[in-house]
Each structure stands twice: as C-alpha cells, then as structure tokens.
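This briefing is meant to be read beside the sequence and the coordinates. Please keep both in view while going through the points below.

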Amino acid sequence: MAGTDPSPATGRLPEGVHAVRPGTALLRLETTQERTGLLDGAWWPRSRDIATELPGLIRTLSEHLGPISRVGLDSAAWDGLHTRLVVDGQVVHLDASSVGDDTVLITRGDQDLFSLLVVPPDASPAAARAAMAQAVRADNLKGAEQILLDTRAEPPLPPGVTTT
C-alpha cells in the first residue's frame, strides 16, 4: 500500500488505522522488488493462550494472503502450545522454538514467509501503537526486541534481573 508508511518523526500509524487494541494485527501488504525492512507487520494478542489467540490471526491473514500453512512461535512466550491447530478446517502446523525474538513467523504455501512483531498482551495502548507503527514501516531496520524496548511496549525487568 504505497504511501501508507508512518512518518518517522511522528510515529503515526498508516492511514485507515484508527484503533489499536489487544487482538489487533497490522500488515504491510506491499509488493516490492527488494526487502529492506525486517518485519512485515505486528500483532497485539489479548493473552498468551495460543489456542485462543492464533485462530483470529490466521483467519485475518488468510483473507489477505491465502492459506497459511505454518506458524513459527517462541515456545517460552505462549501457553498451551501444540504441534498443529485446525482453523476453519485448515491445518496449520506450529513450529515452536526457544528463540525469544518477539516475533511470529507466518508461512503461506511452501515458501512465502512473513515476520510479525508480537506486542506483549499487557502493553499499554500508547506503547503498542508506537511499536506497531514502527514494525509496519517499509524501511524499518530495527528488530522486534529493539522496537519493544524503544517504545516501552516490553515491561521493564525487575531490579537486579538481567538478560543474557
């Protein structure tokens, strides 16, 4: 969608996106000759229950992308992970790993891969909006973790706790 990227100075969401609330997914559906951005969109689930949250995302993505065959997830970030999920009669294989990269990888068909930032369910609306706006920018070069840190969508670690 040409001309829908947010302004880097304002952090605005693309035109036509007015409400961002838990359960929202934003995609940048634009055909380009080369891929410069790291992410294709963002998703703000309502909870960490994958069986509850993922079917809605799959339905929405299928409307725009066609059948979704696989979803790659961080096993540590989700409750109730299975190896597959049936959504509207379509089997979607779930690939779980412990990468901890704050993304969901969506596979359409045999090879098309889309990477979505996952905004934590408990993020504030302002932080989620800012993170999603950054993720859908075609020229975004920041990874998901950095976007969440920069926008404060990721809750701060308790005092004395560090990441490796």
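Is Leu-148 buried or exposed? In this predicted model, Leu-148 is buried, because its relative accessible area is 1%, and a residue counts as buried when that value is under 20%.

**Surroundings of Leu-148**

- Leu-148 is a residue of helix 3, and, leaving aside residues up to four places away in sequence, it touches Asp-102, Leu-117, Val-118, Val-119, Pro-120, Ala-131, Ala-153 and Glu-154.
- Between Leu-148 and Ala-128 there are 8.5 Å in space, taken from C-alpha to C-alpha, while in sequence the two are 20 residues apart.

**Packing of helix 2 with helix 3**

- Helix 2, which spans residues 125–135, packs with helix 3, residues 144–151, at an angle of about 140°, and their axes are 9 Å apart; helix 2 is therefore oblique to helix 3.
- The crossing in which helix 2 passes helix 3 is right-handed, and the contact is formed by Ala-127, Ala-130, Ala-131, Gln-134 and Ala-135 from helix 2 together with Ile-147, Leu-148 and Thr-151 from helix 3.
- Sorted by class, this contact of helix 2 with helix 3 has six nonpolar and two polar residues, with no charged ones.

**Helix 1 and its ends**

- In helix 1, residues 50–65, the buried residues are Ile-50, Glu-53, Leu-54, Pro-55, Leu-57, Ile-58, Leu-61 and Leu-65.
- The N-terminal end of helix 1 is capped by Asp-49, one of whose side-chain oxygens lies 3.2 Å from the backbone nitrogen of Ala-51, whereas Gly-66, with a positive phi near 95°, follows helix 1.

Conventions
Residues are numbered from 1 along each chain as its sequence is written. This is a predicted model: local features need pLDDT of at least 70, side-chain atom pairs count only at pLDDT 80 or more; totals for chains, interfaces and linings use all residues. Side-chain values use heavy atoms; hydrogens and water are left out. Axes are lines fitted to C-alpha atoms, for helices over the stretch in contact, and angles run from 0 to 180 degrees between N-to-C directions. Helices (H or I, at least four residues) and strands (E, at least two) are DSSP runs, numbered from the N terminus. Angles under 35 degrees count as roughly parallel, over 145 as roughly antiparallel, 65 to 115 as roughly perpendicular and the rest as oblique. A crossing is left-handed if the near helix is turned anticlockwise from the far one by less than a right angle, and right-handed if clockwise. Contact means heavy atoms within 4.5 Å. Ala, Val, Leu, Ile, Met, Phe, Trp, Tyr, Cys and Pro count as nonpolar, Asp, Glu, Lys and Arg as charged, and the others, Gly among them, as polar. Buried means under 20% relative accessible area, exposed over 50%, partly exposed in between (1.4 Å probe, protein chains only). A polar contact is a pair of N or O atoms within 3.5 Å; within protein, one must be able to donate a hydrogen and the other to accept it, and residues adjacent in sequence count only if both atoms are side-chain atoms.
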